[in-house]
Amino acid sequence: TKNRRQYGRGIWQFFSDEHLPVCLQRNHSPRVLPPEQERSSCEGLPLERPWTEKLSDYGFSFQSKLIISLLTDREYLRQIYDIIDPGYFDSEPNQLLIKFIKEYYNQYKTAPTLDTLKIQIKDIPSDVIKLAIVETLKEAFKHVKSDDLQAIKDESLNFCFNQNLRKAIEDSVDLLQSKKYDAIKRTIDNAMKAGVSRDIGH
């Protein structure tokens, strides 16, 4: 949360690609600049690693651990459900699982059980996708006691928060051209609040 506040402190100046730090520019390729130049272009922003567009870029094991965390850690799910997007995953089984989990949490404020997931999976017309989702769940449950789950949660929260904030900044470019400053403030403020820890019942 501290890093996120720091991230937002000077955010109002970054409303067009020419004013965006290199690491946030829409056409930026994270491998173009050497690490020392990348860091200097993002001075004051906690983006020390190359920008990545997909959670799938973190690898198969990372995604499996993220999924098991969503299913077993209610607090983590509460924090991330409004900023995680199925589109951050490449595979259709993962995308569908994230969609099912988000929809279930939105309605019941808890993670779906395997029994409720089975109901969702049964309605999928493709047997190939059904089998792939079952295998994805089996792989995820292999990591239920992994020692690095907290690190996975922290990294995925930061990733989703940064993606959400980046989208808000990009949306604000058009708003700036229209001089809709109140809308810009609301857009950025909402992005800064998203993914913040919530108390139960709020």
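**Loops, a helix pair and a distance**

Trainee: What does Val144 count as at 37% relative accessibility?

Mentor: Val144 counts as partly exposed because its relative accessibility is 37%, where buried means under 20% relative accessible area, exposed over 50% and partly exposed in between (1.4 Å probe, protein chains only). Bear in mind that this is a predicted model, in which local features need pLDDT of at least 70, side-chain atom pairs count only at pLDDT 80 or more, and totals for chains, interfaces and linings use all residues. Residues are numbered from 1 along each chain as its sequence is written, and side-chain values use heavy atoms, leaving out hydrogens and water.

Trainee: And where is Val144 found?

Mentor: Val144 sits in the loop between helix H7 (127–141) and helix H8 (149–177), helices being DSSP runs (H or I, at least four residues) numbered from the N terminus.

Trainee: Switching topic, which residue other than glycine has a positive phi?

Mentor: Lys109 does, with phi near 60 degrees, and this residue lies in the loop between helix H5 (92–108) and H6. Most residues other than glycine have a negative phi.

Trainee: How accessible is Lys109?

Mentor: Lys109 has a relative accessible area of 36%, so it is partly exposed.

Trainee: What about Leu66, buried or exposed?

Mentor: Leu66, which belongs to helix H3 (residues 60–72), counts as buried because its relative accessibility is 0%.

Trainee: What separates the C-alpha atoms of Leu66 and Leu149?

Mentor: Those C-alpha atoms are 7.7 Å apart, although Leu66 and Leu149 are 83 residues apart along the chain.

Notes. Helices (H or I, at least four residues) and strands (E, at least two) are DSSP runs, numbered from the N terminus.
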